[in-house]
Amino acid sequence: MAREALDLLGPEMTLHFRTGCVDEAADLVMRCHYSRRLPSNIQFVGSLHEAGGLFGDYGKAVAAVFFSIPPTRWSEPVLELSRLVQDGSRPPLSLLIGNACRELRKQGADLLVSFADRTHGHHGGVYQSASWNYDGCRDRMMDGLLVDGHFIGGRACNHKWGSRSPSKVSAILGREVQPHYDEGKHLYWRALGSKGMAKAKTLGLKSMPYPKPKDAL
């Protein structure tokens, strides 16, 4: 059930942070996020809502954050911030992330990670504003396939054809497909206590100087 955690008061709007409003958060992703796709293995959803009407109800969702079990294997349990999305009203995303982190800590989470995708020109400025640690930029990786000139993400390939291998999918379709590579992703992380810091140390996560926007590409 959706639950109000905190009211965020600003000079231009009153925003309410809530958890569990999956349908409204999903609608934001489908309308406003570049992926137009929900993540898999969702574990937590937080959202910001405008102030409601005369009867104290909540207004529409203007921003949302999703945390999921990562699709790649980590040697320690972590949660990944897998979607961060807002509408045109430009709500304070760093406050959204901060309140989500407090709720996750209450629920027992201790180490969070997130990636800023250079392919889409992201350098992770919002994570910098939220005081997350920066581990560096990962190497370029194959993130999907080009089928008839159209990009299809790796998860979608696995779901549709049971593989993201160019040769296997080419054999299934009877025509050649090409691998698609991202430009590398910036890795950010945040520990939610001493246990999370111990995990970060075990994983060898670093705290490096933040990249600047010009370093995103």
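Which residues of the largest nonpolar core touch the most other members? In this predicted model, they are Phe67, Leu81, Leu96, Ile97, Leu104, Leu112 and Trp132, out of 26 residues in that core. The points below cover the cores and then the largest pocket.

**Nonpolar cores**

- Leu96 is one of the core residues that touch the most other members. With neighbours within four places in sequence left aside, Leu96 is in contact with Phe17, Gly46, Ser47, Leu48, Ala63, Ala64, Val65 and Leu84.
- Another core lies apart from the largest one and holds nine residues, including Val78, Leu111, Leu187 and Ala191.
- As a general background, nonpolar side chains in soluble globular proteins tend to be buried together.

**Largest pocket**

- The largest pocket holds about 1,600 Å³ of space.
- Its lining is made up of 48 residues, of which Tyr34, Arg83, Phe115, Asp117 and Lys185 are the closest to the pocket centre.
- Elements that give two or more residues to the lining are β5, β6, α3 (125-129), β8 (142-147), β9 (150-153) and α4 (154-161).
- The largest share of the lining, seven residues, is from β5.
- By residue class, the lining of the largest pocket has 19 nonpolar, 16 polar and 13 charged residues.

**Elements in both lists**

How values were computed
Residues numbered from 1 in each chain as written. Predicted model: local features only at pLDDT ≥ 70, side-chain atom pairs only at ≥ 80, totals over all residues. Heavy atoms only, no water. Core = buried A, V, L, I, M, F, W, Y, C linked by side-chain atoms within 4.5 Å. Buried < 20%, exposed > 50% of the residue type's maximum accessible area, 1.4 Å probe, protein only. Contact = heavy atoms within 4.5 Å. 1 Å grid on protein atoms, 1.4 Å probe; cavity = no way out; pocket = protein on both sides within 12 Å on 5 of 7 lines; lining within 4 Å. Points joined across faces, edges and corners; volume = space filled by probe spheres on them. Helix = DSSP H or I, 4+ residues; strand = E, 2+ residues; numbered from the N terminus. Nonpolar A, V, L, I, M, F, W, Y, C, P; charged D, E, K, R; others polar.
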